Amino acid sequence: MRTHLHRHLTDSLTAVRNLGILAHVDAGKTTVTERILYATGTTHRRGEVHDGTTVTDFDPQERDRGITIFAAAVSCAWDGHRINLIDTPGHVDFSDEVERSLRVLDGAVAVFDAVAGVEPQSESVWRRADRHGVPRIAFVNKLDRAGADLDTAVASIRERLHPAPLVVQLPIGTEDAFTGVVDLLRMRAHVWADGAESAEEGPVPETLTEEAHRRRRLLEEAVADLHPGALEEFCTRSTVSAKTLAAALRDLTRTGEGVVVLCGSAYRNRGIEPLLEAVVAYLPSPLDVPAVRGTHGGAEQERAADPEAPFAGLVFKVNATATGRMTYLRVYAGTVEKGQAVTDVGTGRTERVGRILRVRADRYAELERAVAGDIVAVIGPRSARAGATLCDPAAPLLLEPPAVADPVVSVAVEARGNTETGRLVSALTRLVEEDPSLVVRTDAETGQTLLSGMGELHLEVAVEKVRRAHGLDVAVGRPRVSYRETVARGVSGLVYRHVKQDGGAGQFAHVVLDVEPLGTTAPDGAEGGAAGFVFRSAVVGGRVPQEYVRAVEAGCRDALAEGPLGGHPVTGLRVTLTDGATHAKDSSEMAFRTAGRLGLRAALRACAMQLLEPVVEVTVTVPEDAVGGVLGDLAARRGRVTGSLTRGGAAVLTATVPLAELFGYATRLRSRTQGRGVFTTRPTGLAPAPAPSPTASARGAASPERGCGAAPFVR
């Protein structure tokens, strides 16, 4: 009985397809997903993005904004196959959702706009799929639009993505007259009448017969160039049969040597059934992909997609709600059942799976078990994060988690009401659990709570989620920039006498101080350390006892907390105690510490002071055709270019830029490079800051006044 069950489960794995829908924003991903659900009978009406009636864009913010924000998993059936589908975001700010989805997918459908062809984010997600080795087929969408051209779109795929596009369809009609496609393998036409639920199959229209045969010949030649079996048949028979073509296309898709290209109009429900047939025919099942690899005890191990193997699964998404946590899981090996104990390998914590759910966006169907190859949601684990490995406690295996990109943009957040601070901390913690690309930290110097993410839209969505889900009134503002002050020209022989007499023992301390620039600024901008502040005593003859010298040093360090320009910390100076005097009764460590603090403050007011601002090294990677605009923008931000080189067809620019000028740079860079530019930053120290100018103020640069860089908090 067990052998029969094992054979049944293994056979069923060949009929599973785990795929994602990838594209640039507005290429039609969600509409394609909705039409797939409709064609498979999963839904009984066509959801529309513009009406807010889609299944996968179920979050209120997605419907309000008309874009996909969160990766949504759905499950449907077609021609005896189970299709687990993930609709991914197309906006660059949510690319981390795409990264986590690609980690657990076996295949993907890349959607392209027939007018625009390959767009910036199309290229970005394609490269991500390349890194994960995910086989793809392409669907050129929106052929009914004015200016749509399949050949132009295919040319952009060839030129910008560099695969071998293998076009298996010929459009029937153009733009508004687009009514169907010719299947070049079977040489049959599929025509959708206006309002028809499905296509009518028939012979190739006479007007397209010659063109269809020409394109079929081109397809045969392209496949023969890439596939040995097809080449042998082509050389023997001067043609390639439909059966051989289909087998060769399957092999080329799974190895990544070629990409099958289909076309249609998802909005008008044309081309979806052939797309589903291609998904089943060409994309791999869980048994067709290499066994998952992981580590245990420092040794690398493989675990096959076998329902009888020890259970191993990877968490790729977590939904934390007020009523509990839903953990989305790709089962790579073994079987997990309701009530089963599983171990989070990263933390060593063992928890129990309470429920297993087949997911359809925001709706669920209960399952008794999930087997290798399944993508499901489980309820029960309370601490697993995205990227965690859940496995059989008796056979631990740590799987490689999805890569998490470093955040590039930060904002300051605070609760408007003092009593809501605790609730805000809890809400932000839940946000980070759901989205690992968000980072929350408290700035040790300014005390601000900073929320960092992949872009300004990413942070806007996150803050709005806190407001809506938790009912919090949250204020958002620019992060403060931590300025410093330093001594540009010092003073010598400043005398400070501290005398206080108010009955009883008084306070007396006399100090003489020299203040001079240290000569080097701390590389990390830290004050009070050996690199930022040096104190020494040149007192002779014991005029100031050693214990009082230490008190003067402590007082001077106290004075470094606030400089005379704007109350910023002071760094980069040397203070020398050259002389002093004591009183037999009234002198004390407290008196000399006060004298040191007040004396250095007076000395700093007499010095020529310089405001310092933090600077960072920015490394910008952009297409070569965008270098001029990016260099101009860096110059406008007071950046100083320190290097440039060309790498892999892209320009890599290095520049030193004031941190205050980088707020909003991620959005600006994407605008100038059509979303293809990326940058990283590394703190490098401090540099003299210029006096505030009207231009800088108009552009929103941080002001070097006390409380610097804090824009008014807004809703």
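**Figure 1. Lining of the second largest pocket in the predicted model.** Helix H5 (120-132) contributes 5 residues to the lining of the second largest pocket, the most of any element; helices and strands are DSSP runs, numbered from the N terminus (helices: H or I, at least four residues; strands: E, at least two). Helix H4 (95-103), helix H9 (242-255), strand S12 (292-296) and strand S15 (324-333) each supply at least two lining residues as well. The pocket has a volume of about 780 Å³, a volume being the space filled by probe spheres set on grid points that are joined across faces, edges and corners. On a 1 Å grid over the protein atoms alone, a pocket is an open set of points with protein on both sides within 12 Å along at least five of seven lines, a cavity is a set where a 1.4 Å probe fits but cannot get out, and lining residues have an atom within 4 Å of a point. The lining comprises 38 residues, of which Arg 103, Leu 105, His 132, Gly 133 and Val 134 lie nearest the pocket centre. By class, 20 lining residues are nonpolar, 6 polar and 12 charged (nonpolar: Ala, Val, Leu, Ile, Met, Phe, Trp, Tyr, Cys and Pro; charged: Asp, Glu, Lys and Arg; polar: the others, Gly among them). This is a predicted model, in which local features need pLDDT of at least 70 and side-chain atom pairs count only at pLDDT 80 or more, whereas totals for chains, interfaces and linings use all residues. Residues are numbered from 1 along each chain as its sequence is written, and side-chain values use heavy atoms, with hydrogens and water left out.

**Figure 2. Arg 250 in helix H9.** Arg 250 is partly exposed, with a relative accessible area of 28% (buried, under 20%; exposed, over 50%; partly exposed, in between; 1.4 Å probe, protein chains only).

**Figure 3. The largest cavity and its lining.** A search of the whole structure finds 1 cavity of 30 Å³ or more, and the largest cavity holds about 30 Å³ of space. Ala 73, Val 74, Ser 75, Asn 84, Leu 85, Val 359 and Ile 375 line this cavity. Strand S2 (72-78) and strand S3 (81-87) are the elements that give two or more residues to the lining, and S2 gives the most, with 3 residues. The lining has 5 nonpolar, 2 polar and no charged residues.

**Figure 4. Strand S22 (residues 375-379) and its partners.** In S22, 4 of the 5 residues are buried. S22 pairs with S15 in the antiparallel sense over 5 bridges, where strands pair if DSSP finds at least two bridges between them. Strand S19 (residues 355-360) also pairs with S22 in the antiparallel sense, over 3 bridges. Ile 379 of S22 is the bridge partner of Met 326 and stands opposite Arg 355.

**Figure 5. Strand S7 (residues 169-172), covered on both faces.** Gln 169 and Pro 171 are buried on one side, and Leu 170 and Ile 172 on the other. S7 is joined to the antiparallel strand S8 (residues 180-183) by 4 bridges, and Leu 170 has Val 182 as its bridge partner in S8.

Figure 6. The buried residues of H13 are Tyr 548, Val 549, Ala 551, Val 552, Gly 555, Cys 556 and Ala 559. These residues cover an arc of only 160° around the axis, which puts them on the same side of H13; the arc is that of the directions from the helix axis to the C-beta atoms. Exposed residues Gln 546 and Arg 550 lie on the face turned away from the buried side.
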